[in-house]
Amino acid sequence: MEVGVNMMLDYLNDKQKEAVLQKDGPLLILAGAGSGKTSVLTAKVAYLIKERGINPKNIVAITFTNKAAKEMKQRIINEVGSIGYDIQISTFHSFGLRIIKENYEKLGYQKNFTIIDSDDSLTLIKKILKDMSIDATRYNPKFIKSQISSAKNEMVTPEKYSKLVNDDISDITYKVYKKYQDTLLRNNSLDFDDLLVMPIELFVKHPGVLQQYQEIFKYVFIDEYQDTNEAQYILSKMISAKYKNICVVGDDSQSIYSWRGANFKNILNFEKDYKDAKVILLEQNYRCTKTILDAANSVIKNNVQKKDKKLWTNNEKGEKIKYVRALDEKDEASFVVKEVQRLKEETSLDEIAVLYRTNAQSRAIEEGFLNSNIPYKIVGAYAFYSRKEIKDLLAYLKLIYNQKDDVSLIRIINYPKRKIGAKTIDNLSMDAVLNGTSMFDVIKSGKELEFKNLILKMKEKSDTLSLTETIDMVLDESGIRKELESEHTLEADIRLENLNEFKSITKTFEEESGIASLEDFLNEVSLVSDVNDEKNDDLPKVTLMTIHSVKGLEFKYVFIVGMEENIFPHINSVEEKDGLEEERRLCYVALTRAKKKIYLINALRRTLFGRTSVNMPSRFITEIDKELIEMNEKKNISVNEIKIDKSKMFNDDNNLKVGDNVIHDKYGPGVVVMIDESIVAIAFKSQGIKKLMKNHKSIKKV
DNA sequence: GCCTAAGTGCTTTTT
DNA sequence: GCACTTAGGC
């Protein structure tokens, strides 16, 4: 339903209105969590179109994630109707892709270029290292990959990089970087970073092209500006350089992607970059209770680097934050499950989220929900598109579309088995490098391989088939289907099922976008990390996800699990100050997702990656004002910690270590949490500490 | 070239 | 704990 602009303004507060009505020129909206940022953006775009008669085609709105882009598109269309489809609303990467697609020749590419994902990019780097006979155990391919990616995002070309070489590893990185870029070009393919870098290169080399885009995109909106990296920053600046109608929205307290090159100083420096910039602070929070907001504020105030702003709310005080210390990750999960079962009576499961720092933590939680039949969905983790069978199929599709794609070719030239071994592949690859072409070009010009005819046949057939039909054809012609069907294992069956699922995705894609070409589909898939499987059923479900992926969302009830030192804050970030501040911002993001109540949970002992560790409670818990938290009190505790005098306890050599399981005939299973010279502290799940001292001899190691 | 077994390394966050 | 790599036998 369309709402009049004036009516829309009625819903906004003074600051929000000011932001919407602010005329042309650079504008920075510092929007705290839950301050109605999206509403303002939506209203501002609607106002431009409806009241100021701006052509929707002259507006570009750039978001950080696909999810955000989709949501913004929907909300704007709700406001302005179908003309909203003319607005370019996309992520930075798909915006970059659009520009590249419109100018591929100028960049030395052919129309049918393909995009490699970060797994493929790592594979390519490993291959280059191997070709160079470099020991991958000495020079970590992942490290080299991240170095190359950072270089690209900072607009450091291989040439520039060569001047920065100052040691062994940077020398190797330079050489790999150079070969990597050469290979991508020969393969007529791009990586994720290129989607940002190439448009900038294009604009530098062809100022005329940039001017055209400046005329098209007279109004530029950038969401989550604190997460922009150097390349994204430059791109935004270039596009808006002529008219300077750049409106950026962000919150420096929610900058959580510095590891990916994001520089939150971009937002801090906006006023320096644009002299006549107007700054508007949105500090009223409509989402959280006072308690939740106070907690978030009390955590974030420990950060040194930040803009001076403080969120406030008129909302009620609300419930205290509940802190629970569980025995281990299973106990942690079972607390969550129990509490969710209780909450289910009063609220929809859609209103509940379980957040964790790392994907690996999801497993225990997932098992908990599985065992108790609580519907849940995991967002993020194990992307559908990164499954082996899907990647294999995609490699065929990519190769059919772009035969120069060596990465895809190597993946499938011998899958299913065709008696083509490492030797043949190496020779092909070497010939390709020598001739400056691709491996398939080498095959085409002489090599008698059945594989050549297979791909050419598939290519020919695909020209007359729909997308979904093409997939069926590929599965049959390649022998993948036969291979999997003959296996008769559970694993193979699941793979077949996933391939069928893939077909239903392409079917939906075809229906949604009319006639879908292979090109459109491959582009779409490359830029989307995961499928939204929500269409399968609309049953309410608990949402499980990482804190990174929850940004921008809100839930009534939020469980944050793994609130332990070395988990959150993560062990890799506690060393440096910047890293820790980012973890703290991450915590701020997590806390401000909750509308009604937060649960903070940790475990005394945790098994992660096959190793058991005992962690202290997260420092972030202690940073929250005490009166906002309902601590472990006897009535609701999950775990009791008990200190026992060693001399009274051992009459034999029990050799207890921290993390050991012990059992007490009366108090049941427990865990050793601390040992010093005279005292052993043990945590029991049961209650009633008082009498324990007298019965301590019945503690046994198990 | 293929297969298996054993060994190794690696585990933050994502477009 | 698991995925990926490697060595060695066929």
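Let me begin with a term: a residue is called buried when its relative accessible area is under 20%, exposed when that area is over 50%, and partly exposed in between. Glu 524 has a relative accessibility of 39%, so it counts as partly exposed. Please keep in mind throughout that what we are looking at is a predicted model.

Glu 524 is found in helix 26, and together with Glu 511, Glu 512 and Asp 520 it forms a negative surface patch. Two elements each give two or more residues to that patch, namely helix 25, which covers 490–512, and helix 26, which covers 518–527.

Seven strands form an open sheet with parallel pairing, and their order is 11-12-10-13-14-9-17. The edges are strand 11, at 376–378, and strand 17, at 629–630, each of which pairs on one side only.

If you look at strand 13, residues 555–560, you will find that five of its six residues are buried, so this strand is mostly covered. Strand 13 runs parallel to strand 10, residues 352–356, and four bridges join the two; here Ala 353 stands opposite Val 558. Strand 13 is also joined to strand 14, residues 594–603, by five bridges, again in parallel, and in this pairing Val 558 stands opposite Ile 598. Strand 14 in turn pairs with strand 9, residues 321–326, in the parallel sense over five bridges, with Asn 602 of strand 14 as the bridge partner of Arg 325.

My last topic is the salt bridges, of which the model has 41. Which residue forms a salt bridge with Arg 98? The partner is Glu 102, and the closest N and O atoms of the pair are 3.1 Å apart. Arg 98, at 26% relative accessibility, is partly exposed, and so is Glu 102, at 41%.

A second example, between Asp 131 and Lys 127, has an N to O distance of 2.9 Å, and these residues too lie four apart, about one turn, this time in helix 6.

Terms used:
Residues numbered from 1 in each chain as written. Chains lettered and ligands numbered in written order. Predicted model: local features only at pLDDT ≥ 70, side-chain atom pairs only at ≥ 80, totals over all residues. Heavy atoms only, no water. Patch = residues over 30% accessible without salt bridge, like charges linked within 9 Å, V, L, I, M, F, W, Y side chains within 5 Å. Areas by Shrake-Rupley, 256 points an atom, 1.4 Å probe, with all protein chains shown as cover. Salt bridge = Lys/Arg side-chain N within 4 Å of Asp/Glu carboxyl O. Lys, Arg positive; Asp, Glu negative; His and termini not counted. Charge placed at Lys NZ, Arg CZ, Asp CG, Glu CD. Buried < 20%, exposed > 50% of the residue type's maximum accessible area, 1.4 Å probe, protein only. Pairing = 2+ DSSP bridges.
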